[in-house]
Amino acid sequence: MSQNIEIEFKNLLTETEFNFLLSYFKLEAGHFKKQVNHYFDTPSFTLKDSGSALRIREKDHEFELTLKQPAQQGLLETNQILTDAQKKEALITGKLPEGEVKDTVSSFIHDSEQLQYFGSLTTMRAEFKYKEGLLVLDHSFYFNTEDFELEYEVTDASEGLQIFSNLLTDLNIPVRHTDNKIKRFYAKKYPLL
């Protein structure tokens, strides 16, 4: 189990902009790795309504359970490694394995048995060091939708914002309001929410 503060900036891209960035940063298909996010909440969206999100990320045959909660700056992430059997049980039953993630989720919903699996979002991701942070290019697929996104993960919010803003300006990419992946996922799954 681990906890960390996630500070990131993100911007949706057009497919043309995404392809330009591939060329600009000299990225090829081999730089991209597949990851699948499996999302959970209660039927009444208790976690979503509190600004939190719960997922299992599947990457390189490893499974990580993550709860994201609002923090003073960025998001507080609580992470826990799962076995394949624990992942399968969570997907089928909504039951979380014992640990700090389950304990924290229980404080939100008071009965972790109410959790249910809502679906998955698949991303092909390339990430690399850029100045003071980690630059990420994502091509995601969910509900007959695909989108392209640029993210910048940093430890210093003000410096990171400046670097990210300068990059977008230098490359003539307009700033776009960009919800996180789980919000985009829910917007497609439940357009009337």
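Start by selecting residues 53–59 and 62–70: these are strands E3 and E4, which run antiparallel and are joined by seven bridges. Keep in mind as you click around that this is a predicted model. Within this pair, pick Leu54 and you'll find Leu67 of E4 standing opposite. Now look at the turn of the hairpin, where two residues sit between E3 and E4. One to click on is Asp60, which takes a positive phi near 55°.

Which residue of E5 stands opposite Glu64? Select Ile81 and you have it. This hairpin has four residues between its strands, and Gly74 in the turn shows a positive phi of about 75°.

Time to zoom out. Colour the strands and follow them around in the order E1-E5-E4-E3-E2-E6-E7-E8: eight strands close into a barrel, with antiparallel pairing. From one strand to the next, the twist averages 35°.

Stop at strand E2, residues 33–41, which pairs with E6 over nine bridges. Show Gln35 here, and then its bridge partner in E6, Thr123.

Stay on E6 and select Met124, which has its place in that strand. Is Met124 buried, exposed or partly exposed? With a relative accessible area of 28%, Met124 counts as partly exposed, because that label covers values between 20% and 50%. Show what is around Met124: leaving out residues up to four places away in sequence, Met124 touches Phe32, Lys33, Lys34, Leu137, Asp138, His139 and Phe141.

Now for the helices. Select residues 84–93 to see H3, which lies across E2, E3, E4, E5 and E6 and runs at about 115° to E5. Then try residues 181–189, helix H6, lying across E1, E2, E3, E6, E7 and E8 at about 140° to E6.

Last stop: the nonpolar cores. The largest has 25 residues, and Leu13, Leu21, Phe25, Leu27, Leu135, Leu137 and Leu150 touch the most other members. Among the elements that supply at least two residues each are strand E1 (2–13), helix H1 (15–24) and helix H5 (157–170). Which of the elements gives the most to this core? That's H5, with five residues. Click Leu21 and, beyond its neighbours within four places in sequence, you'll see contacts with Leu13, Leu137, Leu150, Leu171 and Ile173. Apart from this core lies another, of 15 residues, including Leu54, Ile56, Leu65 and Leu67.

Terms used:
Residues are numbered from 1 along each chain as its sequence is written. This is a predicted model: local features need pLDDT of at least 70, side-chain atom pairs count only at pLDDT 80 or more; totals for chains, interfaces and linings use all residues. Side-chain values use heavy atoms; hydrogens and water are left out. Two strands pair if DSSP finds at least two bridges between them. A nonpolar core is a set of buried Ala, Val, Leu, Ile, Met, Phe, Trp, Tyr and Cys residues joined through side-chain atoms within 4.5 Å. Buried means under 20% relative accessible area, exposed over 50%, partly exposed in between (1.4 Å probe, protein chains only). Contact means heavy atoms within 4.5 Å. Axes are lines fitted to C-alpha atoms, for helices over the stretch in contact, and angles run from 0 to 180 degrees between N-to-C directions.
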